[in-house]
Amino acid sequence: MKRSIQRLKFEARPRVALVYRSGTPAAVNLAQTLTQWLSERHFEVYTGPEQKKLPGTKLLKTSSEMQKMGLVLVLGGDGTYLRAVRLLEGSPVPILGVNLGSLGFLTPTRADAVFAAVEHALQNKMKLIPRAMLQVEFYRRGKKAFSQLCLNDVVIERGNQSSLINIAIHSDKFLVSEVKADGILIASPTGSTAYNLAAGGPLLHPDVKALVVTPIAPHSLTSRPLIMPDDRDLRFHIV
């Protein structure tokens with residue numbers, strides 16, 4: 001079945017935020033060059049929160065300010081991209097990633113193609129590819145301690161204790177299995193290329209509506225990764 005292609009659609013001149021890898025001179029230099037390039041085209045340019053303000057930009061101080069942007073440009077590697085996602089807190093602001101790091105699963109645009117890519121994005125010529133995220137809630141003694149949105153994965157591990165931990169896996173109200181291992185990770189299709197892959201889990205296409213649950217160094221040979229539909233509530237309890 002052929003899927004319809006979604007494209008970026010800016011109804012007005014969008015405000016652009018830059019999230020860059022501050023410890024990398026190439027990222028800093030490219031961020032400054034992009035700022036000048038965008039300013040010459042009369043775009044409002046902002047520096048993302050938790051970073052040193054770039055000359056010629058306005059500094060965003062909070063995630064709520066970040067969510068008002070029309071486009072976020074990430075200059076760095078996958079870690080920088082994930083930081084931008086965290087700052088957006090689930091807000092559907094388009095992100096264009098430029099690879100200046102060691103890994104580039106989430107930042108496929110090369111540095112030498114950045115200006116053409118940004119121009120295409122601002123002219124509504126880029127494809128918009130949505131990615132699924134994980135809504136995580138942590139409970140302690142029956143009370144919710146915190147909640148967090150994640151793009152990649154969630155890891156439950158044994159920490160500093162030397163013994164393995166027993167983890168019960170529930171889907172909705174049903175017990176799926178109990179796993180004795182160093183830990184367990186739950187990954188989205190995007191996160192299936194990260195820790196999940198290193199732990200022996202399968203790769204999921206980004207369009208697959210599923211999650212993968214992968215034991216980390218399980219004690220039993222029968223403990224294998226599970227692929228679960230993403231519309232179910234998954235619960236994990238340390239027995």
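Author: Residue I169 has S177 in β10 as its bridge partner. The two strands involved are β9 and β10 (residues 174-181), and they pair in the antiparallel sense over seven bridges. Two strands count as paired if DSSP finds at least two bridges between them. The names follow DSSP runs, numbered from the N terminus: helices are H or I runs of at least four residues, strands are E runs of at least two. This is a predicted model, in which local features need pLDDT of at least 70 and side-chain atom pairs count only at pLDDT 80 or more, while totals for chains, interfaces and linings use all residues. Residues are numbered from 1 along each chain as its sequence is written, and side-chain values use heavy atoms, with hydrogens and water left out.

Between β9 and β10 the hairpin has two residues, and D172 there takes a positive phi near 55°. S171 belongs to strand β9, which covers residues 165-171. S171 counts as buried because its relative accessibility is 9%; buried means under 20% relative accessible area, exposed over 50%, and partly exposed in between, with a 1.4 Å probe and protein chains only. Setting aside residues up to four places away in sequence, S171 touches V176, M228, R232, D233 and L234, where contact means heavy atoms within 4.5 Å.

Strand β12 (residues 210-216) joins β13 in the antiparallel sense over four bridges, and A210 has P229 in β13 as its bridge partner.

The loop between β12 and β13 holds H219. H219 counts as exposed because its relative accessibility is 60%. Apart from neighbours within four places in sequence, H219 is in contact with L164, K180 and A181. The C-alpha atoms of H219 and L164 are separated by 8.2 Å, although the two residues are 55 apart along the chain.

Elsewhere in the chain is a second open sheet, made of five strands in the order β3-β2-β1-β4-β5, with parallel pairing. Its edge strands are β3 (58-59) and β5 (95-99), each pairing on one side only. Within it, β1 (residues 16-20) and β4 (residues 71-76) pair in the parallel sense over five bridges, and A17 has V72 in β4 as its bridge partner. Helix α3 (residues 78-88) packs on this sheet and touches β1, β4 and β5, with its direction at about 150° to that of β4.

Helix α3 is mostly covered, with eight of its 11 residues buried. Among the buried ones are Y81, A84 and L88, and the cover includes β1, α2 (63-66), β4 and β5. E89 follows α3 and has a positive phi, near 50°.

In the loop between β5 and α4 lies T107. T107 is buried, with a relative accessible area of 1%. Its contacts, leaving aside neighbours within four places in sequence, are G76, G77, D78, Y81, G97, V98 and N99.

The largest nonpolar core has 26 residues, and those touching the most other members are L30, L34, L38, L73, L75, V118 and L122. Such a core is a set of buried Ala, Val, Leu, Ile, Met, Phe, Trp, Tyr and Cys residues joined through side-chain atoms within 4.5 Å. Two or more residues come from each of β1, α1 (25-40), β4, β5 and α4 (114-122). Helix α1 gives the largest share, seven residues.

Notes. Axes are lines fitted to C-alpha atoms, for helices over the stretch in contact, and angles run from 0 to 180 degrees between N-to-C directions.
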